[in-house]
Amino acid sequence: MLYESTREKNSILGAMEAIKQGISPEGGLFVPQYIPKVEISDLASLVRADYMERAKFILKLYLSDYSDDDINSSLLAAYNQDSFQSSDIAPIKEMGTSNLHVLELWHGPTAAFKDMALQLLPHLMTKAIRKTNEQNEIVILTATSGDTGKAALEGFKDVEGTRIMVFYPAEGVSEMQKLQMITQEGGNLKVVGVEGNFDDTQSGVKDIFSSHLDKQLTGKGYRLSSANSINWGRLLPQIVYYFSAWLDLLKTGVVTEEQEFNVVVPTGNFGNILAAYYAKEMGLPIGKLICASNDNSILTDFINTGVYDTNRRFYNTTSPSMDILISSNLERLLYELYDRDDKKVLELMQELAASGKYSIDGEALERLQLLMYGGFADMDQAGLAINEGFEKYEYLMDTHTAVGWHVCEEYRKETADDIPTILVSTASPFKFPAYVLGALNIRPDSDDETDHLDILSKVTGVEIPPPLKGLSSKAVLHKAECSIKGMEQELLSFLE
Ligand SMILES: *Cc1c(COP(=O)(O)O)cnc(C)c1O
């Protein structure tokens with residue numbers, strides 16, 4: 001399998017190079033040259049297989065320049081019992097009797113779904129570094145809306161031949177998320193808060209990638225790469241859990257091989273739902289892809305009207321990992337909607353850069369609307385969803401998953417389509433304890449989020465995930481903050 005850029009079809013490279021580089025020099029994203037098809041009959045043998053076996057099957061279709069050994073050892077290092085609290089890796093829980101199945105993707109070391117990819121990516125990256133005789137040290141540069149940063153730090157800490165630098169919006173992450181990052185240990189990393197929101201932070205990082213700095217650093221023995229979901233090595237591991245979830249539903253008889261199921265994804269940068277799209281195109285019988293947004297409902301509007309307009313108010317919400325107006329991975333879907341027309345994608349992205357908006361119509365819009373349903377939940381609706389989910393079904397959701405649940409309910413009311421549905425749960429409720437307590441109408445005396453963990457556990461009877469216990473007693477190791485303009489300087493001083 002070879003890869004090409006969404007903005008320059010003729011720059012073609014192998015999986016190792018695509019993963020190592022992260023983003024194409026002209027700003028495009030790497031995509032596989034075709035989407036491999038899987039026959040349902042080929043999957044039969046995987047019904048009884050574990051997560052690792054299932055992952056092996058999917059990864060091999062895309063990573064043709066990696067040896068079987070490379071893939072096996074990477075998977076072993078990523079999805080093991082030291083890192084994941086559940087032997088299923090991605091377990092499915094029932095929610096009431098409404099044909100709704102919650103896919104819990106947060107049993108990894110940082111209690112959010114980013115671990116599913118970021119436990120694996122560093123191993124794929126180091127193999128690529130070695131096999132391609134890379135002489136430079138790889139510097140992972142990451143912008144985070146809260147969860148990617150911590151997951152990338154955990155994945156890359158002390159990994160040979162790499163360094164990692166994480167920028168987070170100083171006022172745009174939850175207290176738990178911040179605490180997780182600023183207490184990060186490891187000898188090859190740096191964490192800095194940026195004055196601005198996630199979009200500013202992400203743009204700052206993208207600017208560094210496309211600036212003169214990239215070349216200058218190569219001369220000094222460094223090569224920049226990305227752990228954001230623009231990296232193909234981030235997306236690929238996410239395709240696996242959609243297959244795995246379906247195989248689990250088959251195993252328990254919830255669906256038959258012929259039966260379709262819907263998928264609901266709480267969406268921000270559009271990586272997670274894009275992985276579901278790839279799974280569907282590969283042949284997994286997914287019906288609708290239900291795209292759930294919070295108050296920053298730019299994707300809802302895009303799906304409903306074809307207009308993508310970032311000139312709108314930005315909200316800081318109770319689901320901060322979805323507080324995004326520029327969903328980078330949408331570019332990969334546009335590429336497919338326009339039959340892989342790189343000129344068209346380049347044009348749309350230039351429009352976005354110049355005016356903050358673009359629009360699609362005709363066949364591309366029709367295709368989009370056939371694939372997806374877009375909806376959103378505001379903060380009150382998400383809070384009510386948490387409350388109802390717990391009162392009615394004794395299932396405790398985090399604020400992001402709750403957005404998905406609300407949109408799913410809305411979709412079902414609107415369309416009467418209530419086939420089996422997978423609700424993707426992207427974080428543990430203990431990652432956002434203050435908001436979750438608020439939704440349950442509990443007002444703790446203490447302002448300290450680490451106290452909220454204990455209170456939440458006590459009132460709900462749900463256990464705190466081990467990685468979140470004991471955070472409050474850890475030393476703060478990263479106090480630096482900078483302006484958007486100062487990001488470049490922070491990077492240079494880290495590398496000196
Ligand atoms: C990152 C994240 C999302 C959004 O996922 P995308 O792939 O960016 O769409 C949703 N929920 C949580 C908890 C996250 O960490």
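**View 1. Helix 11, from end to end.** With 20 residues (232-251) at 1.5 Å a residue, helix 11 should span 28 Å, and its end C-alpha atoms sit 30 Å apart, which agrees. The expected span here is 1.5 Å times one less than the number of residues. Helices in these legends are DSSP runs of H or I with at least four residues, strands are runs of E with at least two, and both are numbered from the N terminus. A quick word on the source: this is a predicted model, where local features need pLDDT of at least 70 and side-chain atom pairs count only at pLDDT 80 or more, while totals for chains, interfaces and linings use all residues. Residues are numbered from 1 along each chain as its sequence is written, and side-chain values use heavy atoms, with hydrogens and water left out.

Helix 11 is mostly covered, with 19 of its 20 residues buried (buried means under 20% relative accessible area, exposed over 50%, partly exposed in between, using a 1.4 Å probe and protein chains only). At the start of the helix, a side-chain oxygen of Asn231 reaches to within 2.8 Å of the backbone nitrogen of Gly233. That pair is a polar contact (N or O atoms within 3.5 Å; within protein, one must be able to donate a hydrogen and the other to accept it, and residues adjacent in sequence count only if both atoms are side-chain atoms). After the helix comes Gly253, with a positive phi near 75°.

**View 2. Tyr242, a residue inside helix 11.** Tyr242 lies in helix 11 and counts as buried because its relative accessibility is 1%. Leaving out residues up to four places away in sequence, Tyr242 touches Val263, Val265, Asn272, Ala275, Ala276, Ala279, Leu284 and Val424 (contact means heavy atoms within 4.5 Å).

View 3. An oxygen atom of the ligand is 2.4 Å from an N or O atom in the side chain of Asp147.

View 4. Look for Thr426 in the loop between strand 15 (421-425) and helix 19. Thr426 counts as buried because its relative accessibility is 6%. Beyond its neighbours within four places in sequence, its contacts include Trp106, Phe113, Asp398 and His400.

**View 5. Helix 17 and what covers it.** The 15 residues of helix 17 (379-393) should span 21 Å at 1.5 Å a residue, and the end C-alpha atoms are 21 Å apart, which agrees. Its buried residues include Ala382, Ile386 and Phe390. Among the elements covering the buried residues of helix 17 are strand 4 (92-95) and helix 18 (399-415). At the start, a side-chain oxygen of Asp378 reaches to within 3.1 Å of the backbone nitrogen of Asp380. Glu394 follows helix 17, with a positive phi near 50°.
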